[in-house]
Amino acid sequence: MSALLEVSGVSVSFDGFRAINNLSFNIGERELRAVIGPNGAGKTTFMDIVTGKTRPDKGQVLWGETSKSLLKMTESQIARTGVGRKFQRPTVFEDQTVEDNLVMALKANRNPFAVLAWRPAPVTGARVIELAAEVGLSDHIHRQAGQLSHGQKQWLEIGMLLAQEPRLLLVDEPAAGMTLAERELTTALLVRLAQTRAVVVVEHDMDFVRRLNCKVTVLHQGSVLAEGSLDHVTRNPDVIEVYLGR
Amino acid sequence: MTRTPFILRNKSVLPVLAVLAVFTLAVTFLSHAYGNGAIPTSMVKVLGKTLCLALAAVAMDLVWGYLGILSLGQMAFFALGGYMIGQWLMYARTEDIVAASLAQNPIPPTPLELQQATANQIFGVVGSADLPTTWAFAHSLPLQLMLVVAVPGLLALVFGWLAFRSRVNGVYLSILTQAMTLALALWLFQNDSGFRGNNGLSGLQNLPGLEGVGQAKVSVWFLWASAVALGLCYVLAAWIVSGKFGSVIRAIRDDETRVRFLGYPVEGFKLVVFTLAAMITAIAGALYYPQAGIINPAEMMPIASIYLAVWVAIGGRGRLYGAIIGAVVVSLLSSWFTGGRAPDIALPGYVIKWVDWWQVALGLSFVLVTLFAPKGIAGIFDLMPRRKDKA
């Protein structure tokens, strides 16, 4: 499987603290991957680097068939290239409707003047309805996003990511604050999404990761400690010591 | 997806245009020149100027209420617009006067002599007799009209590009905009800035070639021009904020990082809105100063821009008609209270003179509105019972 995203030898420090230390990480097309690790292992910093929020001190981040470097691109350029990111806290635009939120996220020309001239195409409405149905918000299309429950906001944000049609989806702790039923739905959705694109899930919750049933990467102190199936990594003595043993 | 036309989607457009039309017609029919004379010419000018301030407030609302940038330098663009039109007004009129006086000479003046005499007349007051390069286009109305939008637009573009790409945000950006207008004012205060220093430009109420018409008529013309500009720019602003573009800029106001991760070039959007608002503000200024008659660098001091922000806050930011209400109500009240006609309040032992106390009252009401009525005066419209439109 050729790599969609190739992170090699990346390091970054904040005020002398090595948040990421010579990290290498690959993910292939249409792969589902869970990233786990204790607090401060560098999970979120890793996402920040891939999405362009943080510039690494050294190393490479290459993307796609042409191995294009993501390091010289801005956050919005990276997003347009096909990297979608879901934040830990649901961030939707609360004083706008579910429809507005989804329309904004739909894949389209993002140039300010193109947006100014934007008119809904005949398919736009159908696409919004389809997306809302996929994330269970069919009955809430015209509601303000701020009126949705916490779980529904998480879903809306996932819907917005789908609307972006990314080739790689980075998901930061999707299960946080969800009820058990919502978690199960989320698991099913992530597995389904990974059939058409690459998905990286950062998660604390072991049961959640187990249900994803995919390859797991364990981060510790900014580098990869172990990689493999969940059973494989949980048997690794290093992993037991730094993470599970505590 | 079916969409209603934006005029209907944006429920405030038609009422605002209707009120504006009724107001302008009413003032016209009560004016000296075209009506029964119930409203004196000076009052027509005050009302016309108020419409220009309302237009500046609409632009401020775009930048602050919708995009979330508290710009405290908007009046720099307003005054620049005034300076650009003032250059032509002053030059063309002085040239007429100089030409008339030189016509007495036995030998008619050459164009160069005429230009030098005009420059001497304009710049004698700051001890100079040469026409500065900044006045190169002052002889031409079309060119100066172009500069009215080009100069403030370019300033906003360059300033915005530098500030936005460095990701300066929040209060730091506000301070930066304030520094911009202060620096510009201090530069213009200098005698050798080429804009007559603290004398500013004067006699702007006299339109060259139209001296015979009289201020009574001219004041009504400017009232109409201001009303048309306000109406057109209101429709433009309403169109901008109602579509997907409006959705994106409000999203930038609420969480710009998230908008970046949606793939939108945030800086580009900020630049478009900031520059457009600067141009609208400059048009407002270019209509305002011929009615005021005089412009000087004090108009650009930060306090003017802070007042603009206060008007928009009191009127209700984040909705365009709120900006108009705030600018009209507060600026008219200001001129009433500071004009010495408001009755003083005699307390035992102290007399509250409104000329002194108006500023305090304004400051207090700003604090109260911010604390207790963040939607401003326009929030009243939310309290009115309205039809539930089921979507």
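Select A:Asp15 to begin: this residue sits in the loop between β1 (3–14) and β2 (17–28) of chain A. The model is a predicted one, in which local features need pLDDT of at least 70, side-chain atom pairs count only at pLDDT 80 or more, and totals for chains, interfaces and linings use all residues. Residues are numbered from 1 along each chain as its sequence is written, while chains are lettered from A and ligands numbered from 1 in the order in which they are written.

At A:Asp15, inspect the backbone: phi is near 50°, a positive value in a residue other than glycine. A:Asp15 counts as exposed, with 5 C-beta neighbours inside 10 Å. The terms rest on counts of other C-beta atoms, placed from the backbone, within 10 Å of a residue's own: 20 or more make it buried, 12 or fewer exposed, and values in between partly exposed.

**Chain A as a whole**

Chain A holds 10 helices and 10 strands. Its radius of gyration is 18 Å, close to the 18 Å that the globule rule gives for 246 residues, so chain A is as compact as a globular protein of that length. That radius is taken over C-alpha atoms, and the rule is 2.2 Å times the number of residues to the power 0.38. The C-alpha trace spans about 55 × 40 × 35 Å along its principal axes. Of the 246 residues, 44% count as buried.

**The open sheet**

Next, select the strands β6, β7, β8, β3, β9 and β10 of chain A, which in that order form an open sheet with mixed pairing. Two strands pair if DSSP finds at least two bridges between them. At the edges are β6 (83–86) and β10 (223–228) of chain A, each pairing on one side only. From one strand to the next the twist averages 20°.

Of its 5 residues, 5 are buried, so β8(A) is largely enclosed by the rest of the structure. In a regular strand the side chains alternate between the two faces of the sheet. In β8(A), A:Ala198, A:Val200 and A:Val202 point one way and A:Val199 and A:Val201 the other.

Which residue of β8(A) is the bridge partner of A:Val35? It is A:Val202. A:Val35 also stands opposite A:Thr217 in β9(A), where β3 (residues 32–36) and β9 (residues 215–220) of chain A pair in the parallel sense over 4 bridges.

**Helices across the sheet**

Then show α6 (residues 150–164) of chain A, lying across β6 and β7 (168–172) at about 175° to β6(A). These angles run from 0 to 180 degrees between N-to-C directions, with axes fitted as lines to C-alpha atoms, for helices over the stretch in contact.

**Helix α5**

Select α5 (residues 122–134) of chain A, whose buried residues are A:Val128, A:Leu131 and A:Ala132. Seen down the helix axis, these buried residues fall within an arc of 100°, so they line one face of α5(A). The arc is that of the directions from the helix axis to the C-beta atoms. The face turned away carries the exposed residues A:Pro122, A:Val123 and A:Ala126. Among the elements covering the buried residues are α3 (98–105) and α6 of chain A. Just after α5(A), A:Gly136 takes a positive phi of about 70°.

**Chain B and its contact with chain A**

Bring chain B into view: 23 of its residues are in contact with 24 residues of chain A. Contact requires C-beta atoms, placed from the backbone, to lie within 7 Å. The elements giving two or more residues to this side of chain B are α9 (244–254), α10 (256–261) and α11 (266–292). The most come from α9(B), with 7 residues.

Finish at B:Arg196, in the loop between α7 (170–189) and β1 (201–202) of chain B. Its phi is positive, about 60°, although B:Arg196 is not a glycine. Is B:Arg196 buried or exposed? B:Arg196 is buried, with 24 other C-beta atoms within 10 Å.

Definitions and conventions:
Two residues are in contact if their C-beta atoms, placed from the backbone, lie within 7 Å.
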